[in-house]
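This briefing covers the fold, the ligand surroundings and selected residues of the structure shown below.

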Amino acid sequence: MAGGAQGISRLKLMGMIISETLRLYPPAVDLTRKVQREVRLPNLMLPANMNLNIPALALHYDPKIWGRRCTSFQARTILGRGSKATNNRPSAYIPFGLGPRACVGSSFAIDEVKIVLAMILQHYAFTLSPNYIHSPIQVIAIRPKHGVQVVLHVL
Ligand code: HEM
């Protein structure tokens, strides 16, 4: 694809936009794990059989990691899958989980979004409809409560 603003290819830019969208609206807001055997960390002891809740949403909005503007959409602050953006703290960015049980479909999911967007953008530009009400809710996964109405402009 042709180079975009500041030498970033459109494909890369699309990846950054998808990554930033998944930071602000991770469909899975938290992950759960069961502690199999007692674990002692410097400041923490986790007893066996304890259920752990790992709050992806809270990590994704932590100003210590993402800065003061952590609540706003800043695609350019997040590169690739977030390892640089998180200062090599990959556990701070977990829309697909982390470790051996991380999402096996992550690359497929991202490629699918890129393909669908590329197909739409070949024929249309789109803007948010004035009727759109920003209201993400959690119904198992995060979703827009009132849908996402867009206005298509034929190219
Ligand atoms: C944007 C789309 C998607 C998101 C945000 C997502 C997110 C996640 C998350 C958070 C987990 C749990 C990881 C963990 O517990 O550490 C997971 C697991 C999983 N996902 Fe996805 N997923 C997506 C799309 C897909 C797709 C398209 C597939 C299949 C084609 C898929 C297949 C799986 C499977 C099989 C697991 C279980 C992996 C395991 O337990 O070993 N996911 N996903």
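Buried residues make up 12% of the 155 residues in the protein chain; a residue is buried if 20 or more other C-beta atoms lie within 10 Å of its own, exposed if 12 or fewer, and partly exposed in between, with C-beta atoms placed from the backbone. This is a predicted model, in which local features need pLDDT of at least 70 and side-chain atom pairs count only at pLDDT 80 or more, while totals for chains, interfaces and linings use all residues. Residues are numbered from 1 along each chain as its sequence is written.

**Confidence**
- The protein chain has an average pLDDT (the predictor's confidence in each residue, from 0 to 100) of 89, and 90% of the residues score at least 70.
- For the complex, the predictor gives an ipTM of 0.97 and a pTM of 0.89.

**Fold and core**
- The protein chain contains 4 helices and 8 strands, which are DSSP runs numbered from the N terminus (helices: H or I, at least four residues; strands: E, at least two).
- Their order from the N terminus is α-β-β-β-β-α-α-α-β-β-β-β.
- Of the contacts between residues at least 6 apart in sequence, 51% join residues at least 24 apart; a contact requires C-beta atoms, placed from the backbone, within 7 Å.
- Ala-56, Ala-85, Ala-92, Tyr-93, Ile-94 and Phe-96 form the largest nonpolar core, with 6 residues; such a core is a set of buried Ala, Val, Leu, Ile, Met, Phe, Trp, Tyr and Cys residues joined through C-beta atoms within 7 Å.
- Leaving aside residues up to four places away in sequence, Ala-56 touches Pro-26, Ala-28, Val-29, Asp-30, Leu-31, Ile-94 and Pro-95.

- The ligand has 14 residues around it, of which Ala-28, Gly-97, Cys-103, Gly-105 and Ala-109 come nearest; a residue is near if its C-beta atom, placed from the backbone, lies within 6 Å.
- Cys-103 lies in the loop between helix 3 (63-66) and helix 4 (106-121), and it touches Phe-96 and Gly-97, not counting residues up to four places away in sequence.
- Cys-103 is classed as partly exposed because 14 other C-beta atoms lie within 10 Å.

**Positive phi angles**
- Asn-49, in the loop between strand 3 (44-46) and strand 4 (51-54), has a positive phi of about 70° although it is not a glycine.
- Ile-140, in the loop between strand 6 (136-139) and strand 7 (141-144), is not a glycine either, yet has a positive phi of about 65°.

Terms used: Two residues are in contact if their C-beta atoms, placed from the backbone, lie within 7 Å.
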